[in-house]
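This briefing is meant to be read beside the sequence and the coordinates of the model.

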Amino acid sequence: MANGGGEAMVRNKQIILRDYVVGFPKESDMEVRTTASVRLQLPQSEGVLLVKNLYLSCDPYMRNRMSNIQDSYVESFTPGSPLIGYGVAKVLDSWDPKFKKGDFIWGMTGWEEYSLITSTGNFFKIEHTDVPLSYYTGILGMPGMTAYAGFYEICSPKKGEYVFISAASGAVGQLVGQFAKLLGCYVVGSAGSKEKVDLLKNKFGFDEAFNYKEEQDLNTALKRYFPEGIDIYFENVGGKMLDAVLLNMRNHGRIAACGMISQYNLEQQEGVHNLFCVVTKRVKIEGFLVFDYYHLYPKFLDLVLPYIREGKIVYVEDTVEGLESGPAALIGLFTGRNVGKQVVAVARE
């Protein structure tokens, strides 16, 4: 049941992965390619959409997809083809009764101006447009759901508990910290610059924050901020930070393993030496993938949208303009260049 049209004459700019990446990724691993004017004709096949991409999300997990990893939870990108990631798009034509021309959606799309996608994957129609559409790459999209699932579903937080968040100024961490504060927890975050530390304390309302790059000993730093230990650790970093946290967990503490960005560019990942603390302190560590929790998306929106509208939760985005700015923005995640959620504005509606 097409909504009419079905064809569009466009020049389609794309971000192409040149080849699989080993070690630290570089902008030159990607190229901007513009196709000649082509006729995009919507296949008359149930569940196919033609969309115009508006905002694209830069996320750390995309680094794993740039490598030829055989046994991974998500497929590798295909060299010579556009990158794929979360984005916000406008439907130009549809063969899916759930979506019609003019709808805004968020989900997995191509790093290109126009995409043909199948709606059989996790796509969500954007019903609430009184908030910025770009929020659906972050606080109201995959990162927001990640924060919600990891904090509430896995960590089972209680008022008054001690919460630590690494990479706390990023897309997920900034939201976890605000969830914890709204619940009445004591919250500390780590980040990689003075600007980000100030943001955590002055904008997001963290009780304390520190620059991990300025700490000679992470164990000592954590003891300074958590003299009574940590109840909940929201893990985004791994490596030395995880090792130090294990020494400082309280009995029956919980760790939600969301990501380990310090390990993504290493050919040989670092070992963790303090795992016996898991036994002696009866610590629960649980890894999770956000798409296991997408069935909770309506419940998540019911919680978060009122907080946004009432100004009880704030969100910081780092937006670059133009698809051609995408490679530098993506690479910048791994040097901490971004402040807040990294977004690529392909086109503004």
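This is a predicted model: local features need pLDDT of at least 70, side-chain atom pairs count only at pLDDT 80 or more; totals for chains, interfaces and linings use all residues.

Residues are numbered from 1 along each chain as its sequence is written, and side-chain values use heavy atoms, with hydrogens and water left out.

**Overall fold**

- The protein has nine helices and 17 strands, where helices (H or I, at least four residues) and strands (E, at least two) are DSSP runs numbered from the N terminus.
- Its radius of gyration, taken over C-alpha atoms, is 21 Å, close to the 20 Å given for 349 residues by the globule rule (2.2 Å times the number of residues to the power 0.38), so the protein is as compact as a globular protein of that length.
- The C-alpha trace spans about 65 × 45 × 35 Å along its principal axes.

**The six-stranded sheet**

- Six strands, in the order S12-S11-S10-S13-S14-S15, form an open sheet with parallel pairing, two strands being paired if DSSP finds at least two bridges between them.
- Strand S12 (208-211) and strand S15 (284-287) are at the edges with a single partner strand each, so one side of each has no neighbour in the sheet.
- From one strand to the next the twist averages 15°.
- Strand S11 (residues 186-191) runs parallel to S12 and is joined to it by four bridges, and Ala191 has Asn211 in S12 as its bridge partner.
- Helix H4 (residues 194-202) packs on the sheet, touching S11 and S12 (contact means heavy atoms within 4.5 Å), and its direction makes about 175° with that of S12.
- Helix H5 (residues 218-225) lies across strand S10 (162-165), S11, S12 and strand S13 (230-235), and runs at about 165° to S12.

**The β-α-β unit**

- Strand S16 (residues 317-321) and strand S17 (residues 341-345) pair in the parallel sense over five bridges, with Glu317 opposite Lys341 in S17.
- Together with helix H9 (residues 326-332), S16 and S17 make a right-handed β-α-β unit; right-handed means that, with the strands pointing away from the viewer, the path from the first strand over the helix to the second runs clockwise.

**Helices H2 and H8**

- The axes of helix H2 (residues 142-154) and helix H8 (residues 297-309) come within 11 Å and cross at roughly 90°; axes are lines fitted to C-alpha atoms, for helices over the stretch in contact, and angles run from 0 to 180 degrees between N-to-C directions.
- H2 and H8 are therefore roughly perpendicular (65 to 115 degrees) to each other.

Notes. Angles under 35 degrees count as roughly parallel, over 145 as roughly antiparallel, 65 to 115 as roughly perpendicular and the rest as oblique.
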